[in-house]
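Subject: Structure for you to look at

Hello,

Here is the structure I promised to pass on. Please open it first, then read my notes below.

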Amino acid sequence: MELKMYTVSLQTKLSPQFIDITDDVDAFVKISEIDKGNAVVFSPHTTTAIIINENDSKLLQDFADVLEHLVPKKQNYNHNTSEYEGNGHSHCRQILLGSSETVLIEDGKLCLGAWQRIFFVELDSPRDRKIIIQIMGNKNL
Ligand code: ZN
């Protein structure tokens, strides 16, 4: 079994912002030369998430509206004390969405459905972020 790790650095610009990283993950699968296994896409932050869904700008706006409805920005959060940054809503949204996704690899390709894309989601004020991608599995010899 082979195990490879890659890191992507990026600068976010909005909140929420949905950044389609499927092509990056796909490129790392090719570089890894792993034919059968899985790729874990992980965000090492408490106010960003990784999700899989369709890259349709109207859907993503719908989901931004859903996040605002479920976890409003302007609400009292215990986390919003002077000690912290007033980003209780960002943390709570992240807890609902999660930090990672796992995608299976078969024949050297991600086993994503026709409409599935992998997104990095910024839920806090824009800043420098990173994504860790771990690819594990077997190479065809
Ligand atoms: Zn915070």
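In these notes, buried means under 20% relative accessible area, exposed means over 50%, and partly exposed is in between, with a 1.4 Å probe and protein chains only. Tyrosine 6 and phenylalanine 28 are both buried.

Some ground rules. This is a predicted model, in which local features need pLDDT of at least 70, side-chain atom pairs count only at pLDDT 80 or more, and totals for chains, interfaces and linings use all residues. Residues are numbered from 1 along each chain as its sequence is written, and side-chain values use heavy atoms, with hydrogens and water left out.

**Aromatic pairs**

A search of the whole structure gives 2 aromatic pairs. Tyrosine 6 and phenylalanine 28 form a stacked one, 4.5 Å centre to centre with 15 degrees between the planes. This pair links distant parts of the chain: tyrosine 6 is in strand S1 (residues 2–11), phenylalanine 28 is in helix H1 (residues 22–32), and they are 22 residues apart. Rings of Phe, Tyr and Trp (its six-membered ring) pair if their centres lie within 6.5 Å; planes under 30 degrees apart are stacked, over 60 edge-to-face, and the rest tilted. Helices (H or I, at least four residues) and strands (E, at least two) are DSSP runs, numbered from the N terminus.

**The zinc site**

Which protein atoms are the donors of the zinc ion? They are His79 (NE2), Asn87 (OD1) and His91 (NE2), lying 2.0 to 2.2 Å from the zinc ion. Donors are N, O and S atoms within 2.8 Å of the metal (3.2 Å for Na, K and Ca); water is not among the atoms, so sites may look incomplete. The spacing of the donor residues in sequence is H-x7-N-x3-H.

Histidine 79 sits in the loop between H2 and H3. Histidine 79 counts as partly exposed because its relative accessibility is 25%. Asparagine 87 is buried, at 3%. The side chains of these two residues are joined by a polar contact of 3.0 Å. A polar contact is a pair of N or O atoms within 3.5 Å; within protein, one must be able to donate a hydrogen and the other to accept it, and residues adjacent in sequence count only if both atoms are side-chain atoms.

**Helix H3**

Glycine 98 follows H3 and has a positive phi, near 100 degrees.

Best wishes
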